[in-house]
Amino acid sequence: MAHGDFPSQRSHIFIDPLGFQLPSTCASDCIIWFEPMTPQDISFHPAVNVLYANEDGMVAVEKPTGIRSHPNNSKDHTSTLIRADYDFDKECYHWLNANGQISRCWLINRLDSPTSGILLVALNERVSQVVKQQFAQHQVRKTYYALVRNRPHTERGIWEDIIPK
């Protein structure tokens, strides 16, 4: 996407590219130039594979077993999805980029450490808010597959359970 272009409307999410706040020290004639972040700017754990990224800032990654979605404490990132500090209040990873500025990415969903699967990461806060709202309003359909030993008693079925929060 070229600078100044609006994000594609092909995806299910449209993000207002002007939906950010200017610093209070910035005069009305101030020009702000920023480079959009890409998955390559994120220090993912070496075992994590980037599966998909779109122009709007959504990234799908494959998390293997044994990798935590986020650290147990803000500085423990040895076997986590991303090798960066984590803000538990904002539910985002943060680090200093090559320009010495703070970069952030937001974890949309989580999986337990022993579970492998697909995780979604947002490269900007607005995308994170929109997608998390879709999850909260049950507009996202999730499908889980399980590998089992031996042959199940039934070939197919649906397991419904409510996990307490």
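Predicted model: local features only at pLDDT ≥ 70, side-chain atom pairs only at ≥ 80, totals over all residues.
Colleague: Is His 45 buried or exposed?

Modeller: Buried means under 20% relative accessible area, exposed over 50%, and partly exposed in between (1.4 Å probe, protein chains only). Because His 45 has 13% relative accessibility, His 45 counts as buried.

Colleague: With which side chain does the side chain of His 45 make a polar contact?

Modeller: Setting aside neighbours within four places in sequence, His 45 is in contact (heavy atoms within 4.5 Å) with residues including Ile 67, Leu 81 and Arg 83. A polar contact is a pair of N or O atoms within 3.5 Å; within protein, one must be able to donate a hydrogen and the other to accept it, and residues adjacent in sequence count only if both atoms are side-chain atoms. At 3.4 Å, the partner of the His 45 side chain is that of Arg 83.

Colleague: Which are the edge strands of the sheet?

Modeller: The open sheet has 6 strands in the order S1-S2-S6-S5-S4-S3, with antiparallel pairing. Two strands pair if DSSP finds at least two bridges between them. An edge strand pairs on one side only, and that describes S1 (49–53) and S3 (85–87).

Colleague: What is the bridge partner of Tyr 93 in S5?

Modeller: Strands S4 (residues 92–96) and S5 (residues 102–107) run antiparallel and are joined by 5 bridges. Their hairpin has 5 residues between the strands, and Gly 100 there takes a positive phi near 80 degrees. Across in S5, Tyr 93 has as its bridge partner Cys 105.

Colleague: How many residues does the largest nonpolar core have?

Modeller: A nonpolar core is a set of buried Ala, Val, Leu, Ile, Met, Phe, Trp, Tyr and Cys residues joined through side-chain atoms within 4.5 Å. Among the residues with the most contacts inside the largest one are Ile 42, Tyr 93 and Cys 105. S2 (58–63), S4, S5 and S6 each give two or more residues to this core.

Key
Residues numbered from 1 in each chain as written. Heavy atoms only, no water. Helix = DSSP H or I, 4+ residues; strand = E, 2+ residues; numbered from the N terminus.
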